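Hi,

As promised, here is the structure we talked about. Have a look at it first, and then read on for what turned up.

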Amino acid sequence: MLLLGFADYLEPAKALASKLKLPFSLVEVHHFPDGESKVTLPVSISDTVIICRSLAQPNDKLIELMLVCATARKMGAKRLILVAPYLCYMRQDKAFNPGEAISQQIIGEFLSHYVDDLITVDPHLHRVSRLNSVVKLENAISLQATQPMGEFLNEKFTAPVIIGPDEESRQWVSAIAGQHGWDFLVAIKQRFGDRSVKVELDDFDFIDRDIVIVDDIASTGNTLIKTAELLLSKHPESLSILVTHAFFVDKALDKLEQLGVRNIWSSDSVLHSTNAFSLVDLLAPNIENIL
Ligand code: R5P
């Protein structure tokens, strides 16, 4: 068996190979001046190949994945397991306007055509609850980062209050708080557009408490900014943020720091300056389970 990785997600892929005690090989990716990609696999391929790459900024990566999978099959690979700690295109799960593509279904079908198994973490599913109804594979496995998140926070705080910024986050905050017996609250969020949200929260005594907002993804960061503004007005001891997938576009990190957020942490599903813990101990046993 062999684990294939890419230069843009090197350390987490190498760490995963080492945890699984598998040889690691790099897929070389060349970008031609016109924007096309060429991929080069190692000359010798095993029967089972694990491909590990985060699918953030995905457009080129999906084409490269297709090229890698087709080439690996040609070279004799029988089973291709994709480990994508961040899985792209999962948000657009319906056509909100006539003519809009339902990207989730199309990309799900694409992936199920090229790989035999898929493992990811906290995919952004809204109206669809199960990943294998989108990626139609027996092993389309969606893991939650709540265990490593809880362990990470337990090293930092004694009794934090965990805040979920919207109803969707209840699953994560209740799991994390439940593991350790911590308080948690879930806010009510209204979204008015890609960059506009309103957040409301029930009354709670936050004075002198360490608060941690937990969410699956920080994209524009507006959800976190609005939630942080509300919480900071309630005089906590500290306010921190922990997310699985860190994008923080539009200078969101600067805005959060200026507001007075003390810590901003994320998993290494998307490589980012806020990365604070690895997903390797979550991924490795789940890969071993399907081998
Ligand atoms: C919402 O469903 C998600 O869990 C996140 O809260 C949301 O996608 C974050 O987006 P943004 O950072 O742009 O507010």
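How many bridges join strand β9 (residues 161–164) to β13, and do the two run parallel or antiparallel? There are three bridges, and the strands run parallel. Please keep in mind throughout that this is a predicted model.

**The sheet**

β9 and β13 belong to an open sheet of six strands, paired in parallel and ordered β10-β9-β13-β14-β15-β16. The edges are formed by β10 (183–186) and β16 (275–277), each of which pairs on one side only. On average, neighbouring strands of this sheet are turned by 30 degrees against each other, direction ignored.

On the next step, β14 pairs with strand β15 (residues 263–267) in the parallel sense over four bridges, and Ile 241 has Ile 264 in β15 as its bridge partner.

Why can β13 be called largely enclosed by the rest of the structure? Of the nine residues in this strand (residues 210–218), eight are buried, so the rest of the structure encloses most of it.

**The helices on the sheet**

Helix α5 (residues 170–180) packs on the sheet, where it touches β9, β10 and β13. The direction of α5 makes about 175 degrees with that of β10.

Helix α6 (residues 222–232) is worth a look too: together with β13 and β14 it makes a right-handed β-α-β unit. α6 lies across β9, β13 and β14, and runs at about 170 degrees to β13. The buried residues in α6 are Asn 222, Thr 223, Leu 224, Ile 225, Thr 227, Ala 228 and Leu 231. What do these buried residues of α6 pack against? Their contacts are with β9, β11 (188–193), β12 (196–200), β13, β14 and α7 (252–259).

**The aromatic rings**

The count of aromatic pairs comes to six. One of the rings' pairings is between Phe 110 and Tyr 114: the centres are 5.1 Å apart and the planes at 50 degrees, so this pair is tilted. Phe 110 and Tyr 114 both lie in helix α3 (residues 103–114), four residues apart, which is about one turn of the helix. An α-helix has 3.6 residues a turn, so residues three or four places apart point the same way.

Phe 152 and Trp 265 form an edge-to-face pair, with 5.0 Å from centre to centre and 80 degrees between the planes. Phe 152 sits in helix α4 (residues 146–156) and Trp 265 in strand β15, so the pair ties together parts that are 113 residues apart in sequence.

Best wishes

Definitions and conventions. Residues are numbered from 1 along each chain as its sequence is written. This is a predicted model: local features need pLDDT of at least 70, side-chain atom pairs count only at pLDDT 80 or more; totals for chains, interfaces and linings use all residues. Side-chain values use heavy atoms; hydrogens and water are left out. Buried means under 20% relative accessible area, exposed over 50%, partly exposed in between (1.4 Å probe, protein chains only). Two strands pair if DSSP finds at least two bridges between them. A crossover is right-handed if, with the strands pointing away from the viewer, the path from the first strand over the helix to the second runs clockwise. Axes are lines fitted to C-alpha atoms, for helices over the stretch in contact, and angles run from 0 to 180 degrees between N-to-C directions. Contact means heavy atoms within 4.5 Å. Rings of Phe, Tyr and Trp (its six-membered ring) pair if their centres lie within 6.5 Å; planes under 30 degrees apart count as stacked, over 60 as edge-to-face and the rest as tilted.
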